[in-house]
Amino acid sequence: MHPEDADKEHEVVPIDRAREIAESYGLDLVEVAPNAEPPVCKVLDFGKYMYKKKKKEKEAKKKQHTVQVKELRFRPNTDDHDLEFKTRHARGFLEDGDKVKATVQFRGRDMLYTERGKELLMDLAEELNDISEIETKPNMEGRRMIMMLAPSGKGGA
């Protein structure tokens, strides 16, 4: 009988007998369900088992994508060309599955043009509405107006 076949047979045995069986194959006796009645144990190579488990976890971790927040900053008098340029960047971030935090910074007398800042952010959201949705609408935080865009399931990668 091969060591791989050691755990194929299922039987209820005393703990000492189970240890003997595991030892005869040069394997470990591992408790899988301690709360069962009687407790369930497996005869296996514990080192190999842990190695495979870590390998699976590493593979799963490799495939997952952590969402990052990318920030784009504007001023209320940002030029149309600059807006288009930054919109292309935002589109790339959203397609990669990241969130976009669009910020309009007001300095000095710029505070008179908060409405222009809101229009700018809404234009950005309108331009990207095919692949994103507004997570938080434009709102003032001190001298900044902030809007969050999150990728939607409509398009993208």
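Student: What makes strand β4 count as mostly covered?

Tutor: This is a predicted model, and everything we say is computed from it. Buried stands for under 20% relative accessible area, and five of the seven residues of β4 (residues 99-105) are buried, hence the description of the strand as mostly covered.

Student: How do you know that β3 and β4 pair, and in which sense?

Tutor: Pairing requires at least two bridges between the strands; β3 (residues 69-74) and β4 have six bridges, in the parallel sense, so they qualify as a pair. Among the facing positions, K70 stands opposite V100 in β4, and E71 stands opposite K101.

Student: Which strand does β6 join, and in which sense does it run?

Tutor: Strand β6 (residues 144-151) is joined to β4 by six bridges, and the two run antiparallel; within this pairing, Q105 has R144 of β6 as its bridge partner.

Student: What is the strand order of the open sheet, and which strands are its edges?

Tutor: The four strands follow the order β3-β4-β6-β5, with mixed pairing, in an open sheet. The edge strands are β3 and β5 (132-141), each of which pairs on one side only. Neighbouring strands are turned against each other by 20 degrees on average, direction ignored. Helix α3 packs on this sheet, touching β3, β4, β5 and β6, and its direction makes about 175 degrees with that of β3. Helix α4 (residues 114-127) also touches β3, β4, β5 and β6 as it packs on the sheet, and its direction makes about 10 degrees with that of β6.

Student: Why does F106 count as buried?

Tutor: The cut-off is under 20% relative accessible area, and F106 has 0% relative accessibility, so F106 counts as buried. This residue is placed in the loop between β4 and α4. Leaving aside neighbours within four places in sequence, the contacts of F106 include P76, Y113, M140 and R144.

Student: How do you know that the buried residues of α1 are on the same side of the helix?

Tutor: The buried residues of α1 (residues 15-25) are A18, I21 and A22. They cover an arc of only 95 degrees around the axis, and therefore they are on the same side of α1. On the other side of α1, D16, E23 and S24 are exposed, a word that requires over 50% relative accessible area. The cover over the buried residues of α1 includes β1 and β2. Just after α1, G26 takes a positive phi of about 70 degrees.

Student: Which peptide bond is cis, and what is its omega?

Tutor: The cis peptide bond joins E37 and P38, with omega about -5 degrees; P38 is found in the loop between β1 (28-33) and β2 (40-44).

Student: Which residues does UniProt list for the domain?

Tutor: An unreviewed UniProt entry lists residues 67-151 as "domain: Translation initiation factor 3 C-terminal". In the model, this span is 35% helix and 36% strand, and its end C-alpha atoms lie 10 Å apart.

Methods:
Residues are numbered from 1 along each chain as its sequence is written. This is a predicted model: local features need pLDDT of at least 70, side-chain atom pairs count only at pLDDT 80 or more; totals for chains, interfaces and linings use all residues. Side-chain values use heavy atoms; hydrogens and water are left out. Buried means under 20% relative accessible area, exposed over 50%, partly exposed in between (1.4 Å probe, protein chains only). The arc is that of the directions from the helix axis to the C-beta atoms. Contact means heavy atoms within 4.5 Å. UniProt positions are given in the numbering used here, feature names are shortened, and annotations may be inferred rather than shown by experiment. Axes are lines fitted to C-alpha atoms, for helices over the stretch in contact, and angles run from 0 to 180 degrees between N-to-C directions.
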